[in-house]
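Colleague: I have some questions about how the labels in this model were assigned. Can we go through them one by one?

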Amino acid sequence: MTIKEFITENALIYPSTTATSASVQPTFENITVIPFILKILIMGSIIVSAVLGNALVVISVVRHRKLRILTNYYVVSLAFADLLVALCAMTFNASVNLTNGKWLFGYFMCDVWNSLDVYFSTASILHLCCISVDRYYAIVRPLQYPIIMTQKTVYFMLANVWVLPALISFTPIFLGWYTTEKHRSHRRENPYECRFVVNDYYVIISSSVSFWIPGVVMVTMYYRIYKEAVRQRQALSMTSNDTILNNIHQHRTRHKYHYSNRLHPTDAELYASLSPASTSRNSSTTSDVSRAAAITLNSNGNKIIKIWRICAVKRFLI
């Protein structure tokens with residue numbers, strides 16, 4: 001049975017609704033087969049990829065004990081929110097696109113879809129905001145991080161992330177505060193349309209809570225993290241330079257005779273007066289010293305680079 005036959009049969013069974021909604025029933029004659037199949041494949045692959053990807057994140061943290069750290073609590077909660085976006089919001093959106101903008105699930109489910117879309121999208125953005133605050137304290141204030149970011153603090157932040165979006169999604173949408181009176185009457189006359197038309201007050205409040213305030217917080221936190229990373233890189237560079245100069249100074253003080261011969265120009269007469277055997281011995285000793293200094297500088301430089309890489313990985317990837 002096709003979609004058109006199903007709707008026609010329901011219209012015959014319920015004739016009372018036929019007179020009121022005959023002019024607004026959806027038509028599907030203009031749906032062609034090939035674009036319809038392509039839409040199903042593309043949207044289905046996007047939804048399945050979103051569900052499987054976020055499910056793998058949750059399962060990996062649950063199964064591996066080493067991943068069960070406080071920072072990953074935010075990641076797991078974010079993955080769960082994105083998974084629900086794919087299941088509860090993207091599926092309804094796919095149905096609307098497949099039917100050329102027609103809504104097939106009724107007046108009540110239209111409000112449910114709009115509420116879930118706003119709720120889970122806002123929750124995802126607030127999760128990103130919490131992650132930026134957590135990274136700020138971990139990198140910029142590492143000594144205060146264990147004191148501030150305790151398990152109770154993380155649970156409190158996650159609770160707010162899941163509760164606050166309900167105040168701008170389910171409450172105003174089901175009470176009708178989000179839209180205008182004109183759109184309410186239009187929805188009653190056109191039950192096969194589900195458009196999310198909002199008023200000015202809802203636009204300001206919803207966009208502030210779900211976008212502008214979290215966006216400002218994230219930009220501020222990551223800007224301070226960037227400044228701290230630049231400062232630490234400069235400090236490591238200065239430390240490496242000081243280490244190299246200190247090694248050179250210690251090597252020269254340890255082999256004072258050879259470097260003093262290089263510094264005093266009158267020592268050319270001393271080299272001329274020495275025997276060929278002693279001259280060759282001194283030159284070989286000098287080359288050995290230069291080779292040892294080069295090996296020392298190379299090993300110290302490699303150690304400094306390894307230490308810098310370890311610090312960068314611990315601070316930015318964990």
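Modeller: Gladly. This is a predicted model. By the distance rule, the count comes to 1 disulfide.

Colleague: What makes Cys-110 and Cys-194 a disulfide?

Modeller: Their sulfur atoms are 1.9 Å apart. The cut-off is within 2.5 Å, so the pair qualifies. The link of Cys-110 and Cys-194 is right-handed, with 95 degrees about the S-S bond.

Colleague: Why do you say that the pair ties together parts of the chain?

Modeller: Cys-110 lies in helix α5, residues 106–139. Cys-194 sits in the loop between α9 (181–189) and α10. The two are 84 residues apart in sequence, so the pair ties those parts together. Both Cys-110 and Cys-194 are buried.

Colleague: How do you know that Cys-129 is in no disulfide?

Modeller: Its nearest cysteine sulfur belongs to Cys-130, 5.8 Å away.

Colleague: Is Cys-129 called buried or exposed, and why?

Modeller: Its relative accessibility is 13%. Buried means under 20%, so Cys-129 counts as buried.

Colleague: And why is Cys-88 called partly exposed?

Modeller: Cys-88 has 22% relative accessibility. Buried needs under 20% and exposed needs over 50%, so Cys-88 falls in between.

Colleague: What makes Val-219 exposed?

Modeller: Val-219 has 58% relative accessibility. The cut-off is over 50%, so Val-219 counts as exposed. Val-219 lies in helix α10, residues 200–254.

Colleague: How far is Val-219 from Cys-129?

Modeller: Their C-alpha atoms are separated by 9.4 Å. Along the chain, Val-219 and Cys-129 are 90 residues apart.

Methods: Residues are numbered from 1 along each chain as its sequence is written. This is a predicted model: local features need pLDDT of at least 70, side-chain atom pairs count only at pLDDT 80 or more; totals for chains, interfaces and linings use all residues. Side-chain values use heavy atoms; hydrogens and water are left out. Helices (H or I, at least four residues) and strands (E, at least two) are DSSP runs, numbered from the N terminus. Buried means under 20% relative accessible area, exposed over 50%, partly exposed in between (1.4 Å probe, protein chains only).
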